[in-house]
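Hi everyone, thanks for coming. Let me put it on the screen.

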Amino acid sequence: MLLRKYICRRLLEYYSQPAHKVVGTTHASVDFSSLLGQWHWKRTYKQLYKQQKGMWLTPVELFAPYYSNGFANFVSSSMKPMLESKKHNSDGFQIVELGGGRGTNAKALLNHLQLHHNDVYDRLTEYTIFDTSPTLHELQRQNLKIASDHADKINLVNVDMMEIAEGTSPFLTHSNIPTTLIALELLDNLPHDKIAKCFETDEILQAELILLDDDCKTSGASSEAIIDTSKQYHEEFSPASDPLLQHILSIDPSLSTRLASSGPRWIPSVALGVLMRLFECRPNSAVAFADFDWLPPPDLSTPEDQRLMLAAEPALGDPIVTDMKGIDHPCYLTSPPDALCDILFPTDFARMASFTKSILRRDNERRAMPVSVAAMKQNDFLLQYGLDEVNKTKSWAGYSPLINDFGNCSVLAVTPHHLCK
């Protein structure tokens with residue numbers, strides 16, 4: 001069984017929980033101007049986590065609506081030049097969000113466009129959210145289709161992101177319509193593949209999981225159609241034969257360089273597959289992906305934890321595996337079978353930007369105008385597209401957690417050429 005299939009199944013189980021257990025909300029806005037500085041914010045931040053029921057509080061929820069307003073400004077800045085271009089006759093544009101959480105970002109973004117970029121808002125034909133989680137999908141329906149002023153623009157799709165990347169589920173229609181793709185704290189939860197290089201043949205290898213029977217001997221090949229995450233698996237490497245992986249490596253061979261010397265590496269195959277399908281279907285697209293560029297090592301306190309890390313081959317970009325009690329586990333194979341675990345990967349934004357440039361070089365004719373690709377720190381992105389919003393989150397002493405906290409986050413930005421600094 002290909003490793004990403006197993007990761008996908010584990011994450012689907014985690015995100016099928018009731019929505020309030022996964023993505024939390026603050027219920028009330030923080031009065032940032034009343035904060036006395038960083039120490040006051042840190043205390044407030046801890047209190048917010050204690051009060052909410054969810055496992056995580058994302059920047060969208062913590063800094064609502066200011067964080068989302070910055071991305072609304074990005075949408076406006078990116079779409080206006082494309083709409084004004086004479087190379088296509090589109091009267092409107094679309095927004096696509098991957099992993100919409102509670103629907104908070106969509107609502108705030110649309111509110112900001114309507115209030116401050118009404119000419120752009122009026123030309124928005126559709127805002128589509130693709131989400132793997134059935135419970136978050138339902139919450140989005142309640143918040144955006146029932147209790148929203150923008151219901152006529154909202155389209156909600158419950159679909160597996162891996163199936164989109166592999167081309168087995170519908171994604172977007174082929175069109176030259178300008179489109180903005182947004183994904184906020186989604187990349188860390190997308191299934192990844194692990195690759196290595198054979199020392200003897202220099203052949204690229206892909207990680208696979210082999211099912212162990214009750215006697216701890218490897219059983220025959222397991223069916224990928226039925227993945228039982230309660231069973232024990234063993235990680236092995238075999239020659240890379242997966243079509244998606246092969247396609248990714250053919251586009252950007254640098255993803256497999258130095259594998260022999262540096263050891264195995266995680267590849268964000270689902271994220272890269274989605275990007276390939278995006279530009280195949282919508283060549284006139286802008287992109288904003290925001291996520292963690294670094295994650296701390298897991299909190300493993302015992303020698304047994306350290307030993308269990310060897311259950312899977314250590315690799316560059318190893319994820320953190322955390323259960324619902326906040327306990328870190330040594331690797332994705334060693335958490336208890338009945339434990340619902342979040343699996344969080346850091347993203348190498350420089351490599352993702354390089355891959356995106358490789359995609360765009362392949363087909364320039366269908367695009368209305370040249371685009372630029374940049375990997376930038378999230379605080380730089382917010383200062384560029386949301387300076388007024390940043391100022392609204394400053395404390396009494398001038399400290400802004402919107403840009404001074406979350407320092408381990410970056411943004412992949414694809415924009416019309418003249419907008420990218």
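Predicted model: local features only at pLDDT ≥ 70, side-chain atom pairs only at ≥ 80, totals over all residues.

Residues are numbered from 1 along each chain as its sequence is written, and side-chain values use heavy atoms, leaving out hydrogens and water.

Searching the whole structure gives 18 aromatic pairs. Rings of Phe, Tyr and Trp (its six-membered ring) pair if their centres lie within 6.5 Å; planes under 30 degrees apart are stacked, over 60 edge-to-face, and the rest tilted.

Take Phe-63 and Phe-406: the ring centres are 6.1 Å apart and the planes meet at 80°, so this pair is edge-to-face. The two residues are 343 residues apart, with Phe-63 in the loop between α4 and α5, and Phe-406 in the loop between α17 and β14. Helices (H or I, at least four residues) and strands (E, at least two) are DSSP runs, numbered from the N terminus.

Phe-63 is buried at 1% relative accessibility, and Phe-406 is buried at 12%. Buried means under 20% relative accessible area, exposed over 50%, partly exposed in between (1.4 Å probe, protein chains only).

Both residues belong to one aromatic cluster, along with Phe-32, Trp-41, Tyr-45, Tyr-49 and Tyr-66.

Finally, Lys-153 lies over the face of Tyr-121, 4.7 Å from the ring centre. That label requires NZ of Lys or CZ of Arg within 6 Å of the ring centre and within 35 degrees of the ring normal.
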